[in-house]
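Here are my notes on the model, as numbered points. Please read them with the structure open.

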Amino acid sequence: MIVLYGGPTPNARKIGVALFEMELAWRLEPIDILAGDQLTPRFLALNPNNKTPVIIDEDGPGGRPLTLWETGAILLYLAEKTGRFLPEDPTRRAICWQWLMFQVSGIGPMFGQEVHFTHYAKDQHPYAIARYSREVDRLLRVLDKRLGEAAWLAGDDYTIADMATLPYLRRQLSEKAGRHPHIERWAAAMMARPAVQAGLQVGVARPEVIEGGLRGFTDEHRSILWGERQHAAR
Ligand SMILES: N[C@@H](CCC(=O)N[C@@H](CS)C(=O)NCC(=O)O)C(=O)O
């Protein structure tokens, strides 16, 4: 059994998609990051970096439990464990790693900053909004070009690189419909997969805050995620 600690966030949903695609036995342990669950000693014992998701594979290597965080590492671990969604050919495998790293080091952080400054920050910072919005648009163009050349990010194979990327694109695709035809073709192919649909449902959303147009953040939420509570010495 694999335990997934997470909530209704793109990062946890990447892992949800992979767990469904790989047909692994798993259960969700909900972590409400808006309530500060990730700052508790119990969670910090799993991930000292206080970020979700975390998995515990109760049947890890050598039959021993393995606790793992960072979505790139989790996706690679699950792909190696099951022998699925990671090409065997060394060249194709390396290209898969490349697009996976592009997601975790580029798309994740930049899209995260864009949504922070355009929706969550209390004050308006025009420089930051322009900086991250332009970077998001640039990254979308890189993805659109790639998906104009190849069926999937890694090439001919549907892989963990695709699973990592889609959950981050959903808001941008709906706000910029028609502007990225190749990403849209790829996203539709992914959404046709039952495992993707199921994985994107992971976690219980707080509709007023997350699904309802990114509104409703309170000063308490800001303190937990970006302020005093996030940065308190522990
Ligand atoms: N690089 C990390 C990012 C994880 C991350 O940023 N998780 C967010 C939710 S999407 C989180 O748990 N935030 C809680 C906090 O910052 O306190 C990964 O890929 O796992």
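1. Of the contacts in the protein chain with a separation of 6 or more, 66% are between residues 24 or more positions apart; a contact means that two C-beta atoms, placed from the backbone, lie within 7 Å. The model is predicted: local features need pLDDT of at least 70, side-chain atom pairs count only at pLDDT 80 or more, and totals for chains, interfaces and linings use all residues. Residues are numbered from 1 along each chain as its sequence is written.

2. Along the principal axes, the C-alpha atoms fill a box of roughly 50 × 45 × 25 Å.

3. The protein chain has 11 helices and four strands, which are DSSP runs numbered from the N terminus (helices: H or I, at least four residues; strands: E, at least two). Buried residues make up 32% of the 234 residues. A residue is buried if 20 or more other C-beta atoms lie within 10 Å of its own, exposed if 12 or fewer, and partly exposed in between, with C-beta atoms placed from the backbone.

4. In strand E1 (residues 2-6), four of the five residues are buried. E1 pairs in the parallel sense with strand E2 (residues 26-30) over five bridges, where pairing requires at least two DSSP bridges. Tyr5 has Glu29 of E2 as its bridge partner. E1 also runs antiparallel to strand E3 (residues 54-57), joined by four bridges, and the partner of Val3 there is Ile56.

5. The loop between helix H2 (41-44) and E3 holds Pro53, and the peptide bond from Thr52 to Pro53 is cis, with omega near 0°. Asn50 lies in the loop between H2 and E3 and has a positive phi of about 45° although it is not a glycine. Most residues other than glycine have a negative phi, and most peptide bonds are trans.

6. Glu70, in the loop between strand E4 (66-69) and helix H3 (71-82), also has a positive phi, near 80°. Glu70 is partly exposed, with 16 other C-beta atoms within 10 Å.

7. Which residues are closest to the ligand? They are Thr9, Asn11, Lys51, Thr52 and Thr71, in a shell of 14 residues, each with its C-beta atom, placed from the backbone, within 6 Å of the ligand.
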